[in-house]
Amino acid sequence: MDRQYVGIDFHRRRSVIVRKNGVGEKLGSVRVANDPLALAGAIADAGPEPEVVIEATYGWYWIVDWLQEQGAMVHLANPSGLNWGTRRVKNDERDAIDLIDMLRLGRLPRAWIAPPATRELRELVRYRAKLVALRSGLKAQVHAVLAKAGVLPAARDQFGRGGNAQLDALELGDAYALRVRSLRDLIDSYDEQVAMLERAIHDRLCDDRGFRTIQQINGIGPTMAAILVAEIGDVHRFVTRRRCAHGRVSPPSIMSPTRQCGAVASPSKAPGSCAGR
């Protein structure tokens, strides 16, 4: 039997699964609950090792891992690169059909299926960034209260030693004082969580050669290095200069494409770099 193509329009609770053959003939379409048994029944109709395409949308990790465990050849579509054309009909089945056709015709914008370890690192790095953004919002609220009282910051860092001393000495109205006190307590809590995450990220990367190497570039510290290692992942997937251009750290005349990528991050480890942690 010819290998079949399976397109999955994946949602949180239910998904639409469409099957086609190699020449584009539709063989079946079904809507199933996102349950391994139900999915297994629908995928089994495609035979062994089907070509499965799914969009990298909300919560795709588990289903891609499960499909690969079942022997499927999984292709992850990059949502930002999808071009649905000018079609006027937009529904789940049509989306699944178009994913199949883009895969068959070689027009699918692909996303990298990061391994579990890289996904876990991304989880930590992205969560830290989210907390920092939320903390910045809290700090902005403190500045807003001070502005209402006509108070100018006495230090460049309002939440450093000098800035906190100014906040401690302020005499504000009850409502304003209560709000500032609450905001400062929340900021302290966020500081603790961010510090905890930074320790966890360092524990994961302290032996990573790419993490250490990229910090030799002026202006890149541990935080930015962790972001680059997490988001770029395995640099060996960039097989050409064009594909690794976004990770280039030196002019092409100085470094080859392989070294350009390798200088950003490398999966290899070197022991002993966590001394003094």
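Trainee: Which residue in β5 is the bridge partner of E55?
Mentor: That's A77. Keep in mind that this is a predicted model.
Trainee: How do β4 and β5 pair, parallel or antiparallel?
Mentor: Parallel, over five bridges. Strand β4 covers residues 51-55.
Trainee: What is the strand order in the whole sheet?
Mentor: β3-β2-β1-β4-β5. The sheet is open, has five strands, and its pairing is mixed.
Trainee: Which strands are at the edges?
Mentor: β3, residues 26-33, and β5, residues 73-77. Each of them pairs on one side only. The twist averages 20° from one strand to the next.
Trainee: Which strands does helix α1 touch?
Mentor: α1, residues 36-44, packs on the sheet and touches β1, β2 and β3. Its direction makes about 180° with that of β3.
Trainee: OK, new topic. Which residues touch the most other members of the largest nonpolar core?
Mentor: V6, I8, I17, I54, I63, V64 and L67. That core has 20 residues.
Trainee: And which element gives the most to that core?
Mentor: α2, with four residues. β1, α1, β4 and β5 also supply at least two residues each.
Trainee: What is I8 in contact with, leaving aside its neighbours within four places in sequence?
Mentor: Its contacts include I17, I43, I54, L67 and L99.
Trainee: Which residues of α8 are buried?
Mentor: A225, A226, V229, A230 and I232. Their cover includes α4, α6 and α7.
Trainee: What follows α8?
Mentor: G233, with a positive phi near 70°.
Trainee: Is W60 buried or exposed?
Mentor: Buried, because its relative accessible area is 11% and the cut-off is under 20%. Y61 is partly exposed, at 28%.
Trainee: What sits over the ring of Y61?
Mentor: The charged end of R119, 4.7 Å from the ring centre. Elsewhere, R237 lies over the face of W112, at 4.0 Å from the ring centre.

Terms used
Residues are numbered from 1 along each chain as its sequence is written. This is a predicted model: local features need pLDDT of at least 70, side-chain atom pairs count only at pLDDT 80 or more; totals for chains, interfaces and linings use all residues. Side-chain values use heavy atoms; hydrogens and water are left out. Two strands pair if DSSP finds at least two bridges between them. Axes are lines fitted to C-alpha atoms, for helices over the stretch in contact, and angles run from 0 to 180 degrees between N-to-C directions. Contact means heavy atoms within 4.5 Å. A nonpolar core is a set of buried Ala, Val, Leu, Ile, Met, Phe, Trp, Tyr and Cys residues joined through side-chain atoms within 4.5 Å. Buried means under 20% relative accessible area, exposed over 50%, partly exposed in between (1.4 Å probe, protein chains only). A charge sits over a ring if NZ of Lys or CZ of Arg is within 6 Å of the ring centre and within 35 degrees of the ring normal.
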